Amino acid sequence: CPAGAPTDASCPQDSYLLQYYSALNQYLAVGVPTYFVTTGGYNFSSENGTNAICSSSGCDANSLT
């Protein structure tokens, strides 16, 4: 299934991802997952690097997620 495509039209009927997407829609109501790709050299272990991509309390206001 291509990322971002409507799952009912783009996934084969026997794809394991259909159950995954169904569970996301039913229990999380957030839709299909979104993935971010970073370029080489990004430092995930530094405090600034972590704050730039986090989505919990205490993260930078302009973090990625």
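This is a predicted model: local features need pLDDT of at least 70, side-chain atom pairs count only at pLDDT 80 or more; totals for chains, interfaces and linings use all residues.
User: Which residues is N51 in contact with, leaving aside its neighbours within four places in sequence?

Analyst: N51 itself lies in helix α3, which covers residues 47-53. Once the neighbours within four places in sequence are left aside, the residues in contact with N51 are G58, C59, D60 and S63.

User: Which backbone oxygen does the side chain of S63 reach, and at what distance?

Analyst: S63 is found in the segment after α3, and with a relative accessible area of 14% it is buried. Not counting residues up to four places away in sequence, S63 touches N51, A52, I53 and C54. To the last of these its side chain also makes a polar approach, within the 3.5 Å cut-off for such a pair, since the backbone oxygen reached is that of C54, at 2.8 Å.

User: Which residue does a disulfide join to C54?

Analyst: A search of the whole structure finds one disulfide, and a pair of cysteine sulfur atoms has to lie within 2.5 Å to be counted. C54 is buried, with a relative accessible area of 15%, and C59 likewise counts as buried, at 18% relative accessibility. The S to S distance is 1.7 Å, and the residue joined to C54 is C59.

Note on methods. Residues are numbered from 1 along each chain as its sequence is written. Side-chain values use heavy atoms; hydrogens and water are left out. Helices (H or I, at least four residues) and strands (E, at least two) are DSSP runs, numbered from the N terminus. Contact means heavy atoms within 4.5 Å. Buried means under 20% relative accessible area, exposed over 50%, partly exposed in between (1.4 Å probe, protein chains only). A polar contact is a pair of N or O atoms within 3.5 Å; within protein, one must be able to donate a hydrogen and the other to accept it, and residues adjacent in sequence count only if both atoms are side-chain atoms.
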